Amino acid sequence: MSDTRKHRGPGPQDPTYFGPEAHTELTAAVADLSWLFSRGYADASALKLVGDRYKLVERQRIAVLRSACSDAALTSRRSREIGIAALRGRALRIDGFNLILTLESALGGGVILSCRDGSYRDLASVHGTYRNVDETRPALELAARYLAEWGAGPCTWLLDSPVSNSGRLAGLIREVNPDWIAEVVLNPDAVLVQPGDLVASADSMILDNCGEWVSLARALVEVGVPGAFITDLR
């Protein structure tokens with residue numbers, strides 16, 4: 001079945017799953033899962049233990065997993081994170097789908113997770129296929145406006161070539177800002193973790209292996225989407 005969604009918005013039960021009534025259990029689950037990660041427990045077994053304890057549905061479990069991290073990972077990520085004020089004049093490598101999906105979700109009313117490491121993450125995924133939604137161009141225009149205001153550049157967007165329509169999205173990125181570079185590569189993660197430019201991503205694997213990074217999705221949502229559906233799980 002083809003994907004005909006026009007928005008990357010909330011699931012039908014998200015106001016319940018991630019509303020105020022669920023906040024206490026979700027934050028406790030993130031704390032417990034982070035504690036287990038800090039002691040070497042595997043992702044799957046730790047998540048099952050925590051999810052079962054708090055009787056979380058699958059979507060809540062995904063959110064808790066994306067929000068948690070070990071103490072060591074937290075310390076390491078924080079030591080290499082820079083603030084938006086330090087963007088000026090810096091070359092920036094952007095984890096393309098990672099940033100775009102979060103901005104699309106925020107603009108479309110989808111759940112945005114404020115995670116333990118301070119990153120903003122969404123609950124969307126591409127599963128090998130990407131389709132533009134109504135918020136795609138506004139998301140890119142939002143990024144263009146504030147990256148210019150913050151003086152970042154040059155900016156290189158990296159997109160996964162195995163994901164369908166990545167070439168079309170690269171074209172739209174260049175259309176929104178001709179000064180941007182948009183590259184479609186087999187494995188953006190391998191490029192993003194190479195030494196050199198500042199990295200913009202919220203992907204945990206990248207953040208654990210890259211050099212300096214900036215929480216660009218968080219900064220853009222905070223300044224550009226004041227009504228976003230934020231669930232703070234720190």
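Start by selecting Leu216, which sits in helix H11 (helices are DSSP runs of H or I with at least four residues, strands are E runs of at least two, both numbered from the N terminus). Leu216 is buried, at 1% relative accessible area (buried is under 20%, exposed over 50%, partly exposed in between, with a 1.4 Å probe and protein chains only). This is a predicted model, where local features need pLDDT of at least 70 and side-chain atom pairs count only at pLDDT 80 or more, while totals for chains, interfaces and linings use all residues. Residues are numbered from 1 along each chain as its sequence is written, and side-chain values use heavy atoms, leaving out hydrogens and water.

Now show what surrounds Leu216. Beyond its neighbours within four places in sequence, Leu216 is in contact with Leu92, Ile94, Leu99, Leu147, Trp150 and Ala200 (contact means heavy atoms within 4.5 Å).

Next, bring up helix H7 (residues 136–150) alongside helix H11 (residues 216–224): their axes come within 10 Å and cross at roughly 100° (axes are lines fitted to C-alpha atoms, for helices over the stretch in contact, with angles from 0 to 180 degrees between N-to-C directions). On the H7 side, pick Leu142, Ala143, Tyr146, Leu147 and Trp150; on H11, pick Leu216, Ala219, Leu220, Val223 and Gly224.

Then jump to helix H2 (residues 20–38). Its buried residues include Leu26, Val30, Leu33 and Phe37. Among the elements covering the buried residues of H2 are helix H3 (43–53) and strand E9 (229–232). Finish just after H2 at Gly40, which takes a positive phi of about 85°.
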